[in-house]
Amino acid sequence: MNKNDPVVFVVDDDVSVLRALQRLLKSAGFRAETFVSAQEFLSYRRPDAPACLVLDVRMPELDGLDLQERLAAEGTSIPTIFITGFGDIPMTVQAMKRGAVDFIPKPFNDQDLLDAIDRAIDRDVRARREQSVRDRIQTRFESLTPREREVFATVVTGMLNKQIAVHLGVTEKTIKVHRARVMQKMQAESLAELVRLAERLGITPSEDRLEAAPSD
Amino acid sequence: MTNCHSLHAIENVKPGDHLCCIYETDEEHRQILTPFLRKGLQQGEKVLTIVDAHSAETVLGYLQDDGVDAAPYLASGQLVIISSDEAYLRDGVFDPDGMITLLQTEMEQSLAEGYSALRVTGEMTWALQSLPRPERLIEYEAKLNNFFPSSRCLAICQYDRRRFDPALLLGVLRTHPVAVIGTATYDNCYYVPPADLLGADPASEELARCLQHLAERRRMEETLRESEATARALLNAHTDFAAVLDASGTILDVNEAMARRLGRPLDELVGMNIWELFPPDVAERRKAYTDKVFLSGKPVRFEDERQGTWFDNVCYPVLDAQGEVTKIAVHARDITERVQAEMALREAKELFETTFATQRDAILLLNAKDPPEIMDCNPASEEVFGYTREEMLGRTTAFLHVNEARLREFQAHLDTAVKERRYLHLLEFQMKRKDGTAFPTEHSVMPIQDEQGTRSGWVGVVRDITERVRANEDALQHREQLAHIMRVASMGELTASLAHELNQPLTAVVSNAQAAQRFLACDAPDLDEVRAALADIAESGLRAGSVIRGLRAMLRKGDFKQEPLDINEIVGEVVPLVQGEAVLNNVSIELKLAKGLPHVSGDRIQLEQVVLNLLLNGIEALRELEAGVRKLVVRTEQTTPDAVELAVLDWGVGLDEQTKDRIFDAFFSTKPGGLGMGLTINRSIVRAHNGQLWATQHPGGGAAFHVRLPSGKGKLT
């Protein structure tokens with residue numbers, strides 16, 4: 001196992017359950033980290049690897065749902081599987097609404113948990129990849145100069161170069177140069193791709209901007 | 001001295017006496033002569049009557065009127081009536097010496113005839129014929145005084161005052177030691193002994209005698225005054241009340257104590273009517289008694305109460321010379337104290353007898369023998385033991401005890417109690433009825449001592465407490481039932497938590513087993529993990545088992561069983577039952593259990609119930625609070641050498657003053673929908689274990705419930 005292998009975090013106040021889950025995860029080839037309370041998990045420095053969280057709902061002091069809230073407030077989102085010895089319905093609904101991967105009552109069949117863990121880890125892998133792509137795009141965008149960003153913003157509206165030139169108050173030739181640089185920095189092969197990237201970045205061209213006088 | 005004899009003095013005349021009788025009426029004559037003659041005849045004396053003015057028939061008539069038949073006496077010669085001619089004037093001449101000789105002769109003859117004495121009486125009217133000179137008569141009378149004293153002869157000389165010369169009568173007075181004047185008899189102070197009267201110088205003798213008499217008289221008066229003063233002082237000195245009353249109730253005399261009581265000065269009272277000083281009903285009541293004295297002439301004694309004071313009254317008749325009651329002397333003593341003491345004693349006696357008879361407990365009175373015997377027993381004893389009183393008297397108490405050994409045991413208790421506390425108080429002990437059944441009793445025994453402090457016996461009170469024991473057992477049973485119901489209800493409330501508590505170990509079992517299967521499916525199975533998995537499976541299985549066991553124990557309906565228990569173990573068995581509930585409410589339970597605590601004695605299930613209840617209450621109290629303070633701490637420690645204390649502390653809102661006081665009351669609950677029985681039952685369970693359960697506010701801000709139980713001997717490590 002290397003440190004980038006996916007890791008399963010298990011939080012349960014019952015020590016024997018915790019030990020059993022660790023053993024089960026080990027037997028299934030997962031890397032597991034166990035915590036006997038939510039606080040203990042929150043104060044742990046998590047490795048940078050795909051992960052999921054197997055969480056007992058009802059725990060003394062801080063319970064599972066509280067932990068979920070805390071993580072959301074932190075900005076982290078780890079796919080979570082709830083397990084519980086109680087199994088009441090309102091709790092289930094609440095957990096699922098908050099985006100849990102699954103809600104499994106105890107005792108459970110190992111496969112049910114392992115499947116859920118697989119799904120959770122997959123979700124996390126995808127999410128991480130998504131995030132990483134988004135990061136890269138973001139980096140590329142940040143390498144654009146302000147003028148280039150303007151050109152980017154207007155090009156994706158579908159305006160012709162000479163229209164953009166008029167709009168921005170520069171020559172068409174300048175526009176062409178900027179456009180080429182944008183394409184290069186953003187590593188887009190086509191306009192369509194540029195448009196997709198713009199969507200990804202959440203750039204929405206507005207009418208106001210076209211009216212406004214450009215500033216160099 | 002003026003000695004007033006009554007008429008009866010005549011009857012007391014005896015041989016040696018020489019009386020004169022000076023009468024003024026025939027009636028007086030009769031009254032004196034009749035008893036004189038009668039007495040002599042009745043006493044077997046020879047009676048010689050010399051008649052003159054009165055005839056023999058008259059004299060016989062006196063006797064007849066008095067109921068004496070003279071005929072036999074005359075016939076026998078005991079009674080002789082002769083005329084003065086035959087006696088004094090024999091030979092026609094009065095010869096004093098000759099008369100005396102005659103008397104002597106007659107006396108000797110009478111004695112020879114078997115009579116005890118010679119009783120003579122003569123009518124002296126013959127002397128009026130002036131045959132003898134008055135001096136001769138007086139000489140005679142004087143000489144008689146030499147004769148009579150040593151003789152067995154007695155006489156009354158009759159003188160008619162109407163007819164005799166006063167000068168002569170003076171001489172008569174001088175010559176008779178005893179004078180009967182009218183019907184009154186006097187010791188004659190004017191009597192002159194013959195030696196002096198007939199002596200050489202009678203005048204100077206008489207002068208001496210008169211002067212002496214004056215001195216004597218004065219002495220008499222002084223003595224009288226003194227004795228009166230003494231009597232008065234005596235009367236006034238004592239605190240009893242005294243008065244002298246006449247028949248109408250006039251106060252003739254009264255003492256100071258009485259005057260004070262009546263509330264008036266002494267001199268004012270004398271002459272008042274005593275009956276006017278009392279209310280009419282009181283006066284009437286008392287007058288009835290005093291009247292009786294006047295009528296009967298006998299003293300009357302009575303007790304009387306007025307205004308809260310009791311008096312012992314004696315009314316004594318005061319007789320005059322005629323023997324009539326003219327006055328009574330009243331003496332009254334305040335006997336309130338005695339009466340009150342008597343009443344108190346009577347009341348106490350009645351109370352004792354009533355108590356003894358009506359008391360439903362058996363009371364046995366025993367003597368001081370060793371072993372003591374039953375001297376008396378009350379009716380209740382028969383009911384309690386089944387024997388009749390007759391069957392119990394005179395026996396020792398052995399037959400009332402279950403057996404020899406128990407009897408000795410009882411004796412030991414009694415001896416110790418008497419030595420330490422002087423009596424045996426409410427010992428619960430089994431006794432045996434006549435039909436052989438043993439029954440529980442409450443037994444008190446107290447020794448009785450006489451005034452000197454020696455033991456004179458014992459009092460034993462035995463109460464049959466069969467009913468009470470049964471009632472106690474019933475009450476105990478009810479409490480057990482109630483506690484059981486509460487336990488079942490608690491378990492019902494915990495269903496979800498208990499399910500959770502079972503789910504945990506089950507999860508561990510299943511996950512461990514499936515993990516082991518996966519390991520074994522590998523090419524190179526990690527057998528260490530498999531082994532570890534199996535070990536955990538076993539442990540979890542057992543853990544589930546103990547939860548089930550705890551549950552079953554709570555649901556069991558058992559009788560109170562006393563055994564040594566480890567309080568930490570009790571806590572350990574209860575926590576799994578509530579763990580689920582705690583978790584469900586986000587409450588953490590922390591255990592701070594001291595090591596090496598001594599064991600406590602009690603019923604395991606009931607003590608578990610108490611701890612369970614306290615924990616559930618704690619969880620309930622913390623339910624609504626924010627995270628961080630939802631903590632229960634269970635602490636056990638040995639607070640004093642003879643006690644173990646368990647405390648359940650929470651960090652909740654705590655208890656306010658009113659709640660703290662009421663929290664143990666039945667049906668009081670701060671929980672909405674709560675029954676309010678839990679703490680009440682807990683308290684009664686703890687009490688039944690000789691312990692205490694109380695609540696405090698602890699410094700951290702929450703409530704703390706404390707259970708203190710006495711520890712048995714011996715420690716558990």
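This is a predicted model: local features need pLDDT of at least 70, side-chain atom pairs count only at pLDDT 80 or more; totals for chains, interfaces and linings use all residues.
Chain B has 717 residues, and 42% of them count as buried. Its secondary structure comprises 22 helices and 24 strands. Among contacts with a separation of 6 or more, 62% join residues 24 or more positions apart. The accessible surface of chain B is about 37700 Å². Carbon and sulfur atoms account for 53% of that surface.

The two chains touch through 28 residues of chain A and 32 residues of chain B. The size of an interface is often given as the accessible area lost when the parts come together. Here, chain A and chain B bury about 2600 Å² between them. Carbon and sulfur atoms carry 49% of this buried area. On the chain A side, A:Arg23, A:Glu61 and A:Phe86 stand out. Together they supply 28% of the area that chain A buries against chain B, more than any other three residues.

Seven salt bridges are found between chain A and chain B. One of them pairs B:Arg518 with A:Asp110, with the closest N and O atoms 3.1 Å apart.

Two elements of chain A give two or more residues each to the side that touches chain B: helix H1 (15-27) and helix H5 (110-142). H1(A) provides the largest share, nine residues. By residue class, this side of chain A divides into 11 nonpolar, five polar and 12 charged residues.

Key. Residues are numbered from 1 along each chain as its sequence is written. Chains are lettered from A and ligands numbered from 1 in the order in which they are written. Side-chain values use heavy atoms; hydrogens and water are left out. Contact means heavy atoms within 4.5 Å. Buried area is the accessible area (1.4 Å probe) that two parts lose on being put together, summed over both. A salt bridge is a side-chain nitrogen of Lys or Arg within 4 Å of a carboxyl oxygen of Asp or Glu. Helices (H or I, at least four residues) and strands (E, at least two) are DSSP runs, numbered from the N terminus. Ala, Val, Leu, Ile, Met, Phe, Trp, Tyr, Cys and Pro count as nonpolar, Asp, Glu, Lys and Arg as charged, and the others, Gly among them, as polar. Buried means under 20% relative accessible area, exposed over 50%, partly exposed in between (1.4 Å probe, protein chains only). Accessible areas come from the Shrake-Rupley method with a 1.4 Å probe; for residues, only the protein chains shown count as cover.
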